[in-house]
Amino acid sequence: MGAWSVLTVERAFAFSMGQRRLFTAKSIVQIARTVRLLDCSSPQLSATIEDAAALGAWIMKARSRRVDAFVRALSLLSALAAVGSSALAADPFASNNGLYPSAWQGPFRSLSYNYPSGTDNGWRRVAPREPLSITNAEAYVKTLKVYLEPSMRSMIETPKDWDPAKNRWFDMPWMGTGQLTGTGIDPMSGREAILGAFSGQTLLKETFAGSGLTVDMQNHTVIYYDAMAAEMLGKLWANPFKPDRSGVSFPEGAMVVKAAGVTPTPEQWPILEGSTLWNVFRPAVENTQGPTHDPKSEAGKAKVLDLRVLQFDIIVKDSLASPQTGWVFTTFVYDKDAPGRGTWDKLVPLGAMWGNDPKFANEPGGTDPNGGPLQETWINPAAPQYAKATLGWGGRLSGPIDVAERHNVLLTNGQNVPVQRASSCLSCHGTAQFPFIANLYPSPNKTFPPEGQTFPMYVPGSDMWARWFQNRAGSVPQNQNKGAVALDYDMLIMFALSAFDAAAGNDVYVQDHADVH
């Protein structure tokens, strides 16, 4: 293994095996011989981030040659040691946070990160080829769902049988590892082990009281990138220890999907009747909130939870359909009364959004003062009422799990607003940039509190509020400070870069939690 420090290698292996002893010299020689079987060279290792970056490139090359996972773990841990002690517990390619249910009899979903190159998903050959409008958006949305059915129906309806790699869907690195606390791994952090899901905000039962919700609920969400989108991820993370932030620009036709299940039972929320059952390994929603919440307690530990599928989003890079932002956001919601043989068929369009309607951004209500419709959002008039009840500001697209409606809002003019619709799909994703600066909502604060707690926001329709509701290309950051880099409307990249910075000790750039919603 060239000039790698034997002591570093010994310590890395001891760490990877969870032991407190060092390996013998004989073991090191055996490891070295194994590594030399690879048709690639190893860089020297010294305690510098530059050398760790070089070693990271070697790891990626080795990974592409299907190196034994044990050797891969050694290489990874050695590189992290070079970055610094704060990174020793981080693994950019961890599938989950390391917490597994002992009684679970099903599979655990693995991370898919063998990013392809030279791909074309064919969407532009079947998609309607004209700019979107409120008159043609429905056809676009329905065509999109039919196009993805072969690879997505099973993910929705038979999650235990669905494999992302076999279906050519890919994950984001740096998002699996859990956060280490004084008593172990925070069970709400990172991806959980069963589905590889992230956990979103808690939604108050008052939000959906009109449709019969009787308990507070939480969503748990999976996010995947198709092969075209993943090709760009491969460029961004060509070296996972030295991401190329300047290269974030998805190719035309790239797709991202997000699917979410929620915690209520059909008895607690009747609209979920008949929806597919998913499982995740997380603490129950009642044990993740409130003034007495203690994640270290027995009640705060993870358990296998039942979920019901509620929402499915498809996001497409399509500058012909969306000339100003380059993106089309679509949302489908579960409708128990829709025809069909399964949950996939009962996921009906809620709507589509391809712009923020900025000409109405300075109106207090966010709509046409003359009573006309929004021009860059289409809402399906036949969508179930529970989903239309929680649309975004001024009726812009926002799904039921997206928490566009916030309670107990304190405006910067001193006014307290009990309920405020405050965001939309595009206004939220438009904050994706490095470094992380803007709140996902129109707020002077960088972070936002749990739902129901006091949330400071700008006055709706004010110039500061309107900054969230502009149309910008994905290459233009919302906050154009010196050094700001736009991330092409991708929030998960923003959180992944933050996770990398946490591992590398760049604390000034760290966001504590990936607020997936």
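Predicted model: local features only at pLDDT ≥ 70, side-chain atom pairs only at ≥ 80, totals over all residues.
Local features need pLDDT of at least 70 and side-chain atom pairs count only at pLDDT 80 or more, while totals for chains, interfaces and linings use all residues. Numbering runs from 1 along each chain as its sequence is written, and side-chain values use heavy atoms, with hydrogens and water left out.

Helix α6 takes in residues 137-157 (helices are DSSP runs of H or I with at least four residues, strands runs of E with at least two, numbered from the N terminus). Among the buried residues of α6 are Leu148, Met152, Met155 and Ile156 (buried: under 20% relative accessible area, 1.4 Å probe, protein chains only).

Phe312 touches Met152, Met155 and Ile156, and its other contacts include Trp344 and Leu347 (heavy atoms within 4.5 Å). Phe312 is also listed with Trp269 and Ile493 as having the most contacts inside the largest nonpolar core, which has 127 residues (buried Ala, Val, Leu, Ile, Met, Phe, Trp, Tyr and Cys joined through side-chain atoms within 4.5 Å). Helix α12 (residues 491-504) gives the most to this core, at 10 residues.

Elsewhere, an open, mixed sheet runs β13-β12-β15 (pairing takes at least two DSSP bridges). β13 and β15 each have a single partner strand, so one side of each lacks a neighbour in the sheet. Five bridges join β12 to the antiparallel β13, where Val419 is the bridge partner of His407.

Notes. Expected span 1.5 Å × (residues − 1). Buried < 20%, exposed > 50% of the residue type's maximum accessible area, 1.4 Å probe, protein only. Lists of a residue's contacts leave out its neighbours within four places in sequence.
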